Amino acid sequence: AVLGTELAAADVDVLGRALEGKGFAQEGKGELDAAATTFTRLADLPEDGFKVASLYHRARVLSAQKQKDKAKELLLQARIQLENAQLDARVVQVAANPYRWLQQAVDEALMRIDPSAVPAKPQGGMPALPEDIKRKLQEQGLNPGIPTP
């Protein structure tokens, strides 16, 4: 019912959570194809978290349908999108990992399918490689060689 409201049309978070809830309900009823379709709609929303959640939920559904290879592909895509989103957040000095729960969920799902597909977490050190940070700064039209105040 929320999907058809003015609030859902005006607020991306409300729309995304309503879509996610509908997908969970369909999944709970065993309507896996319908759930996958609903979860796919999350990718159309303009927030990185929903794009990654779409991949994650679709991968879970595929895994339940015994399509492990396809699920693994989606989870690997989700990892890449999360890495880019986290790097963007660090460059603009937002929380270092705004998608921590989603990263953990994606990694855990991927570990169940293929443990070798999740790289070991570095012990200490920088959360992003310097060349990645420089590249992101350049993409935003900033000079990585000049410190900002």
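When I say two residues touch, I mean heavy atoms within 4.5 Å. Keep that in mind for Pro-46. Setting aside residues up to four places away in sequence, Pro-46 touches Val-12 and Lys-51. One caution before going on: this is a predicted model.

Let's stay with Pro-46. Where does Pro-46 sit? It is in the loop between helix 3 and helix 4. Is Pro-46 buried or exposed? Exposed, with a relative accessible area of 63%; the cut-off for that word is over 50%. In sequence, Pro-46 and Val-12 are 34 residues apart. In space, their C-alpha atoms are 7.8 Å apart.

Next, the helix pairs. Two packed helices are described by the angle between their axes and the distance between the axes.

Take helix 2, residues 12-28, and helix 3, residues 32-41. They pack at an angle of about 170°, and their axes are 8 Å apart. Angles over 145 degrees count as roughly antiparallel, so helix 2 and helix 3 are roughly antiparallel to each other. Their crossing is left-handed. Who meets whom? From helix 2 we have Leu-19, Glu-20, Lys-22, Gly-23, Phe-24, Gln-26 and Glu-27. They meet Leu-32, Ala-34, Ala-35, Thr-38, Phe-39 and Arg-41 in helix 3. By class, that contact has six nonpolar, three polar and four charged residues.

Now helix 3 against helix 4. These axes come within 8 Å and cross at roughly 165°. That makes helix 3 roughly antiparallel to helix 4. This crossing, too, is left-handed. On the helix 3 side, the contact uses Leu-32, Ala-35, Ala-36, Phe-39 and Thr-40. On the helix 4 side are Ser-54, His-57, Arg-58, Arg-60, Val-61 and Ala-64.

On to the cores. In soluble globular proteins, nonpolar side chains tend to be buried together. The largest nonpolar core here has 19 residues. Which of them touch the most other members? Val-52, Tyr-56, Leu-75, Leu-82, Leu-102 and Val-106. Helix 4 (48-64), helix 5 (68-91) and helix 6 (100-113) each supply at least two residues of this core. Helix 5 gives the largest share, six residues.

Last, zoom in on Val-52. Leaving out residues up to four places away in sequence, Val-52 touches Ala-78, Gln-81, Leu-82, Leu-102 and Val-106.

Conventions
Residues are numbered from 1 along each chain as its sequence is written. This is a predicted model: local features need pLDDT of at least 70, side-chain atom pairs count only at pLDDT 80 or more; totals for chains, interfaces and linings use all residues. Side-chain values use heavy atoms; hydrogens and water are left out. Axes are lines fitted to C-alpha atoms, for helices over the stretch in contact, and angles run from 0 to 180 degrees between N-to-C directions. Helices (H or I, at least four residues) and strands (E, at least two) are DSSP runs, numbered from the N terminus. Angles under 35 degrees count as roughly parallel, over 145 as roughly antiparallel, 65 to 115 as roughly perpendicular and the rest as oblique. A crossing is left-handed if the near helix is turned anticlockwise from the far one by less than a right angle, and right-handed if clockwise. Ala, Val, Leu, Ile, Met, Phe, Trp, Tyr, Cys and Pro count as nonpolar, Asp, Glu, Lys and Arg as charged, and the others, Gly among them, as polar. A nonpolar core is a set of buried Ala, Val, Leu, Ile, Met, Phe, Trp, Tyr and Cys residues joined through side-chain atoms within 4.5 Å. Buried means under 20% relative accessible area, exposed over 50%, partly exposed in between (1.4 Å probe, protein chains only).
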